[in-house]
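Look through the sequence and the model below.

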Amino acid sequence: MDVSIELTAGDFSRAGTASSRIKKILKQLNVPPDIIKRVVIALYESEVNVVAHSYGGNVTCTITSEGIDIVVQDQGPGIPDIDLAMSEGYSTASKEIREMGFGAGMGLPNIRKNVDALEINSSENSPTTISMHVKFTHTQEE
Amino acid sequence: MTLHEVVSCVSGKVVCGEQYLQRSVDLGFSSDLMSDVLTLLDDNLLLITGLANIQSVRTAEMSDICQVLYVRNKQPTKDMIALAEEQGIVLITTPCSMFKASALLYQAGLKPVY
């Protein structure tokens, strides 16, 4: 099953609607609740990143009986230093983002914690693509 | 402790989800930072926050948190209440500060996440 959802830059009132939709689908598919939580937290963090930091983008989820592949793409402006962005506490968030309760520099590290595989492709003044995979079996218990 | 007990402990008012007040919560987490809330994987958690915007309810939804206590008399908006009702999330308000609400609930037996 493939699901593709548009993400609008700057629209905090709608941030989370894609994650909410995917959560409903995974519940209907009887995916274990702890795995659903990991998927939606990673997806929600990504969604907030696109809304907060990018010019807009989309998320595509491919769901099989084995797991879920999530690809989040935006239209830039890109991440100049991915290693720095992955370090806990580093953030370029604006005051507005912080007022929404985000921008603590925990997003990308938290995504990494919740997924089984993560790949980030980005550079300055380029689109960013984040590819994630979560297995529907318990192989990465916290 | 039950949500009934939470409400009476902090002189709270139930904004929505009155029908779920028999639910029990084991843990409490106080934060205005949703990024921190999203790092938690615990169940049966009460979120105590002063962040009265739609993202606090969204964060609760994503983290399977079924009850949110807003401190300092912060009032949830119509959008927040609609989303909470759709998701079966109980919203409670209290005139207490975050420190006082956390202290009272801790004293009454609510455990910290860490």
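How much area do chain B and chain A bury between them? The figure is about 2,000 Å², with 55% of it on carbon and sulfur atoms; buried area is the accessible area (1.4 Å probe) that two parts lose on being put together, summed over both. This is a predicted model, in which local features need pLDDT of at least 70, side-chain atom pairs count only at pLDDT 80 or more, and totals for chains, interfaces and linings use all residues. Residues are numbered from 1 along each chain as its sequence is written, chains are lettered from A and ligands numbered from 1 in the order in which they are written, and side-chain values use heavy atoms, leaving out hydrogens and water.

Chain A brings 26 residues to the contact and chain B brings 23, where contact means heavy atoms within 4.5 Å. Between the two chains there are 3 salt bridges, each a side-chain nitrogen of Lys or Arg within 4 Å of a carboxyl oxygen of Asp or Glu. One salt bridge joins the side chains of A:K23 and B:D64 (2.7 Å, N to O). On the side of chain B that touches chain A, α2 (34–37), α3 (54–62) and α4 (78–87) of chain B each supply at least two residues; helices are DSSP runs (H or I, at least four residues) and strands likewise (E, at least two), numbered from the N terminus. The most, 6 residues, comes from α3(B).

The largest pocket is lined by 34 residues, with A:N49, A:H53, A:I79, A:T92 and A:L108 nearest its centre. A pocket here is an open set of points on a 1 Å grid over the protein atoms alone, where a 1.4 Å probe fits, with protein on both sides within 12 Å along at least five of seven lines; lining residues have an atom within 4 Å of a point. Of the lining, α2(A) gives the largest share, 7 residues.
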